[in-house]
Every structure is written in C-alpha cells, then in structure tokens.
Amino acid sequence: MTTMDAATPAPPEPRRPRSRWAWLGRLWRLSTGRFGLIVVAVVALTALVAGFWTPFDPQKVQISNRWAAPGWPNLLGTDGSGRDILSLLMAGARTTVFVAVGAGVIATVIGILLAALGALTARWVRESVAVLVDILIAFPVLLIAMMISAVWGGSLWVVIWAVGIGFGVNIARVTRPELRRVLQSDFVLAGRASGLTPSQNLVRHLLPNVAPVFIVQLSWAMAVAVLAEAGLSYLGFGAPVTEPSWGLLLAELQQFITVHPLSVLWPGLAITLTVLGLNLLGDGLREATDPTLSRSPFATRRARLHIPEVVS
Amino acid sequence: MSLEVQDLTIDIGERRVVDGVSFEVPDGARVGLIGESGSGKSLTALAILGLLPDGAHAGGSIRWNGREILGLPDRELAQLRGDEIGIVFQEPRTALNPIRTVGRQIAESVRIHEGLGRREAAARAVAEAARVALPDPERIVARFPHQLSGGQRQRVAIAMALACRPRLLIADEPTTALDVTIQAEILELLLSLVKDDGMSLVFITHDLAVLSQIATHGVVLEDGRVVEQAPVSHLLTAPQSAVTQGLLRDATATLWRPGGIA
C-alpha cells in the first residue's frame, strides 16, 4: 500500500491503486518467504537449464572415473559407475518439479471439487461427500501408490496421482469446514444481498477467504510429492531406473554410505532443502496474502496509531 | 414502487416462526418493524429479499411494485437485490469481507448491476464513500475493514446497500451494535439519505426510541404475529397492546429525545 506512481508524473491521482503484486513484496520481506522463494526459484531454474544443458551427460558411464571426489571437472564427484553427480541432480530436478507441480495441480482440482461439493450442495450430497472423504483419508499415499502401480506399473505418473489423490482428499478435509464457516458469515449474505450469484459469491468471497488454509495444504502436498517421489522411486514404484531422479540416486548411493559417505550427502541435501523451501514458501505466502496479518512496518505503525474515533 | 407483504408465514422445520404478517410500505414511506428478539422481524426482512437460511420456507405473498417476488428463482431475485432493494445488517464487524478493500466492496453491486469497469467502479466507490460522510474517502477505499472503526464500517455497509440507488432500503437493526453517540449519527445519516433519494425504508429495531426517530409508521410483532400497526406517534402516546406498552417502558429508560431529530 505505497504510492508507487513514479511512472505517471501527470495530475496526482487521488486514489492509490493497490498494486496487484504488493503481496510479492510482502513475501520477500519475510525471511521465511524469501528463503522459500529462492529455493523454489533455484530448483525451477535448474530444472529448466537441465532441459538443454548439463555439465556431463547424466547417464554417461565412465568406469575409469568412478567415485571421483568433488573437484574439477566433476564438481560434486561421481558415482559408482562414473556418472557425474551434479548432472544427475540437475536432471533429477526436472523430475522433481514435474512431480511436485503435477501432484499440486491434481490435489488442487480434487481438493477444491470435493470441498465445494461437501460444503455448498444440498444436505444429503454434502454429507455423503464428507463421509467419502473420511473413508478416502484412511488410505495413506504409499498404499494408493502401490495400488496404482500394481495395475498400471511403476512410473512417475503413479507418484503424481498417488500424492494428488492423497492430498486432494486432505485439502478437501481441511477446506470443507472452513468453507462452511465462511458460508455462515454475514458478508456472504451481504454479497448475495448485493446481487451476487452463487458462483460469483464463491469466487469473490468464499474461495479468497479459505485461501490461507488451502495454500498451506498445497505447499505441504508439493513438499510431500517431492519426498514421495524420492521414497517411491527408492522403493521401485516410481521412476524407472532409466529416469534420473533424486530418490533413485539416493537409493543407489546409499548402499555405499560407509565407503563414500560424501556422495550420499548431495541428493539428500537437495531433497531436504527443496522440501524445507516449499514448506516455508507456503507459510510465507499465507502470511503475505492475508491483509489482517500484515507485518509491514507501515501497517503496524498505522495499527498502533489507529484510534477509533467519532466521525461526523 | 411499493412493497406489500400479505399473510407472510415462515416455517423452520415444523415450527412456524412468522405467522400471517401483513404490512404495506407505500413509495417513500418509512416503516418500522419492532419487537423483541425472536419475534420474527429479521426473518421477515430476509424473506423480502429471498435470503432465508437453509431449511426455512416462506408462504403467503410479497409484492414489489405489484409483482409477486416470493418464490421467484434466485437468478431473478439477484437482479432485484442491491439494485432495487438494498439491505444493511446489524453487525458491521462481520458484514464486510475481511480480505477485500472497502472500496471494492462498496462498488460490488454497481459492477454487477450497472456493468461498470474496474476503474469507473473505483471512482464510484470514492463518491459513495463521500456520500456516507466517511472521512478522507480517497484513502479509506483502499483500506481493509479491520482498519476501520465500528461506526465507519456501518457507514461502509450503508454505502454498499445504497450504491445502486435502490428504491427500498431494509435496515436490520443497523445501530444496535454501536454505542449511543455513533448510533445517533448513523440514524441521522440514514434519515437524510432516505429523504434525499425519496426511497422507502423498512427499519427493524427492538427500541421504540430509535424507531420514533426514523420511522413514521410502526408494525409491532410478537412471536411472529402482528399485534399492533399504527403511526409511531400513536404507539408512543396510546399504545394498545401489552407488548407496545412494554417496549415503551424500555424505551423511556434508554436514550430519549422527544420529537426525534427530524
């Protein structure tokens, strides 16, 4: 909420349009938000770069150069068959981004759909949906993944669908009562009294008010997708061995942890940082997009100065 | 542009909470619905706009401008709401969306009913904020509800209800949640706006003193039934029913300004 009208020197516009991107600035000012933003940006950028360039061909086996220590030209060393670990990590980032985004999209669609069905429809529909959600929530992601891979075989899509379904249900479970609560609010009634149709009301008043809960759940779902990809690939349900993946790399290197402990560090670190970054980004986003939690110095100063007054 | 409510009944489940309420609001009239809590006055107001909660069913007849609006499909009622009939609720703290700026909420009905774009709507919001005497309207439209005082929020709610210049304003205890000085200001504001626009008013309250300041005609409700209908001056000087006499005793105990502020 600052006057950033440097571009328009003409008559001083009395109304200060709130920048649509103001929340990004608030996010950046939060240390958690900044950390999350940087980590997610680095991972996304790495995945993008790995699409057309990696220092070495990640699948190129070079037995003469196996278990090289970190140094030049293999910055993070090589694995047991002489593959460059940095290149493998970069290529694996693509898999990670693909899985995290895919699972996030599916979880969002399933979650919002189930939550809306469970909150806004006729009583018998929403109660049945609530029961269905309660049943589905009993299935852990791993079990869903095993069931899917038993039918369609192991692939990255198994991970995406398993996490997407598992967390979609989770999102629905948490978002539904929030939607119900907001639905009882006077401002939703006031919205209808202003002539909003139910769908306009959903978009303008209901969804924005459940967004904080949803964002935290979504960022968690994406973080779990990264972990699940690593875990499921490690177990053999996820990425096929030909596909570069952090989980597969960890599984391979982990067998030699006593001999070459340093090499296991890199995929482990990559997974940990990405998951942490996603979680912190979700936290920061929730805080930055909620005007009532605004932490900017300007807002707190105003809040402190704000004196309810009699106006005439 | 008159409102005629005839034999209105509202059932929640098996219970009849409003039973045969009839009253009329001619064009430009200011009618008060008065009664203790639970007498069905708020539900009557919601029924006029078709905003009854789930599980409540209305029967009888509500005619707006000669047209039956009870039982109209929601889509058609939505065109009336905010455009021809506006409503102000009791609790200004919860009647505003906490995460949208005040200006966007004021301009909401204008954008729907008059199809204004984002820019025109923002300019209109400033004008409407000025009209309800909000201080510093250019700046206040960019604020969020939690940054406003209770009285200011109620002014925002009034601006929202009146943005499209409706022909009928329903005010559901708009001053109950406010303290006495601000209550008087809000009443004064409502009265002057209603008179300026020549619109009709249905004012709901449990306080006869408040009613006497704003309405000319009173409909006294008890347990969902009309027990007395008379000009406000009659209610004050010659109350017929026991309910009205009780309300009159309560009113004289609170703030009392004979003659009102009109």
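## A left-handed helix crossing

In this predicted model, H2(A) and H3(A) cross in a left-handed way, a label used when the near helix is turned anticlockwise from the far one by less than a right angle. Helices here are DSSP runs of H or I with at least four residues, and strands are runs of E with at least two, numbered from the N terminus. H2 spans residues 31-50 and H3 residues 85-120 of chain A; their axes come within 8 Å and cross at roughly 115°. Axes are lines fitted to C-alpha atoms over the stretch in contact, with angles from 0 to 180 degrees between N-to-C directions.

Who meets whom? On the H2(A) side, the residues include A:Val43, A:Ala44 and A:Ala47, and they face H3(A) residues, among them A:Met90, A:Arg94 and A:Val97. Contact means C-beta atoms, placed from the backbone, within 7 Å.

## Chain A as a whole

Chain A has 11 helices and zero strands. Of its 312 residues, 41% count as buried, meaning that 20 or more other C-beta atoms, placed from the backbone, lie within 10 Å of the residue's own.

## Meeting chain B

Here 29 residues of chain A are in contact with 39 residues of chain B. Helix H7 (186-193) and helix H8 (198-235) of chain A each supply at least two residues to this side, and H7(A) gives the most, with six.

## Reading the model

Local features need pLDDT of at least 70 and side-chain atom pairs 80 or more, while totals for chains, interfaces and linings use all residues. Residues are numbered from 1 along each chain as its sequence is written, and chains are lettered from A and ligands numbered from 1 in the order in which they are written.

Key. Buried ≥ 20, exposed ≤ 12 C-beta atoms within 10 Å, placed from the backbone. Contact = placed C-beta atoms within 7 Å.
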